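Student: I am new to this structure, and I would like to understand how some of its descriptions are reached. Could we go through them slowly?

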Amino acid sequence: GKEAVMHIMSLPAYTTYSVQPEVERQSPQSSEEDDDKVKRPMNAFMVWSRKMRKKIADENPKMHNSEISKRLGTQWKALSDEEKRPYIEEAKRLREAHMKKHPNYKYKPKRKKQQPLRRFPIEM
């Protein structure tokens, strides 16, 4: 209501706020044929990082997403196999459910457009 608007108006202009809706977001360039594109099941790192990213973001609201990603990668690599096990098992469960739901699914990555070759060598 009016109080919420007044509160937001009183906040400093330079502060950024991120609101993560619990709905799947479409990328801006998605076309109609992409609407029924089946996504890959999450791997163990993705299962773990989804939970941890929110925790880090909540503790460090000004931290950029790229920095959070770097920290998550470092932390995941430091985990023991025993600590990773529940996430590996969850990823396996997700993969099996994905196979049941989409038996004909085959991962087909999009090819990136090749960069033109540079004519001049880069100075070292």
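Tutor: Let us begin with a term: a crossing is called right-handed if the near helix is turned clockwise from the far one by less than a right angle, and left-handed if the turn is anticlockwise. In this model, which is predicted, α2 passes α3 in a right-handed crossing.

Student: Which residues of α2 and α3 make the contact?

Tutor: From α2 they include F45, M52 and I56, and from α3 they include I68, L72 and W76. By class, the residues of this contact of α2 with α3 divide into nine nonpolar, five polar and one charged.

Student: Why are α2 and α4 called roughly perpendicular?

Tutor: Helix α2 (residues 44–59) and helix α4 (residues 81–101) pack at an angle of about 115°, with their axes 7 Å apart. Since the roughly perpendicular class runs from 65 to 115 degrees, α2 and α4 are therefore placed in it. Their contact is made by A44, V47, W48 and K51 of α2 together with Y87, I88, E90, A91 and L94 of α4, and these residues divide into seven nonpolar, no polar and two charged.

Student: What is the handedness of the crossing of α2 and α4?

Tutor: The crossing of α2 and α4 is right-handed.

Definitions and conventions:
Residues numbered from 1 in each chain as written. Predicted model: local features only at pLDDT ≥ 70, side-chain atom pairs only at ≥ 80, totals over all residues. Heavy atoms only, no water. Axes fitted to C-alpha atoms, helices over the stretch in contact; angles between N-to-C directions. Helix = DSSP H or I, 4+ residues; strand = E, 2+ residues; numbered from the N terminus. Parallel < 35°, antiparallel > 145°, perpendicular 65-115°, else oblique. Contact = heavy atoms within 4.5 Å. Nonpolar A, V, L, I, M, F, W, Y, C, P; charged D, E, K, R; others polar.
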